[in-house]
Amino acid sequence: MPKNLSEPIGCVSVVSQDNRIATAQAGYAIGKRWWHEGITSEALKRVMDFLFDQVGFNRIEARHDPRNTHSGAVMKKYGMLYEGPLRHAD
């Protein structure tokens with residue numbers, strides 16, 4: 001089935017931020033039809049580059065459900081570092 005790229009297929013956004021220390025938390029989602037094509041990691045890279053280079057954030061954080069290893073791989077592909085679990089965070 002051909003993909004119609006004239007429609008939104010997902011999003012990357014800043015879900016929280018702390019301007020005192022120039023930190024943001026990024027979140028993302030993409031329709032299942034577009035999984036495993038590199039689209040999410042490319043979109044995350046562009047948003048993070050913008051946040052670092054244009055907005056001036058010092059740190060961008062993200063987290064994922066540990067059962068969703070593919071989401072963790074998106075973060076790793078961009079170069080984010082795993083710092084450890086946030087137990088009982090949600």
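Guide: Buried here means under 20% relative accessible area. Keep in mind that the model is predicted.

Visitor: Okay, is serine 41 buried or exposed, then?

Guide: Serine 41 has a relative accessible area of 9%, so it falls under the 20% cut-off and is buried.

Visitor: Which helix does serine 41 lie in, and what does it touch?

Guide: Serine 41 lies in helix H1, residues 39-55. Not counting residues up to four places away in sequence, serine 41 touches Val74 and Lys77.

Visitor: And serine 71, where does that one lie?

Guide: Serine 71 lies in helix H2, which covers residues 69-78. Its relative accessibility is 13%, so serine 71 counts as buried. Leaving aside neighbours within four places in sequence, serine 71 is in contact with Tyr28 and His64.

Visitor: Let's switch to the strands. How many residues of strand E2 are buried?

Guide: In strand E2 (residues 23-30), 7 of the 8 residues are buried, so the rest of the structure largely encloses the strand.

Visitor: What does E2 pair with?

Guide: Strand E1 (residues 10-18) runs antiparallel to E2, joined by 8 bridges. Within that pair, valine 14 stands opposite alanine 26. E2 also pairs with strand E3 (residues 59-61), in the parallel sense and over 3 bridges. There, threonine 23 in E2 stands opposite arginine 59 in E3.

Visitor: Which residue takes a positive phi in the E1 and E2 hairpin?

Guide: Alanine 22, with phi near 55°; the hairpin has 4 residues between its strands.

Visitor: And what do E2, H1 and E3 make?

Guide: Together E2, H1 and E3 form a β-α-β unit, and it is right-handed.

Definitions and conventions: Residues numbered from 1 in each chain as written. Predicted model: local features only at pLDDT ≥ 70, side-chain atom pairs only at ≥ 80, totals over all residues. Heavy atoms only, no water. Helix = DSSP H or I, 4+ residues; strand = E, 2+ residues; numbered from the N terminus. Buried < 20%, exposed > 50% of the residue type's maximum accessible area, 1.4 Å probe, protein only. Contact = heavy atoms within 4.5 Å. Pairing = 2+ DSSP bridges. Right-handed = clockwise from strand over helix to strand, strands pointing away.
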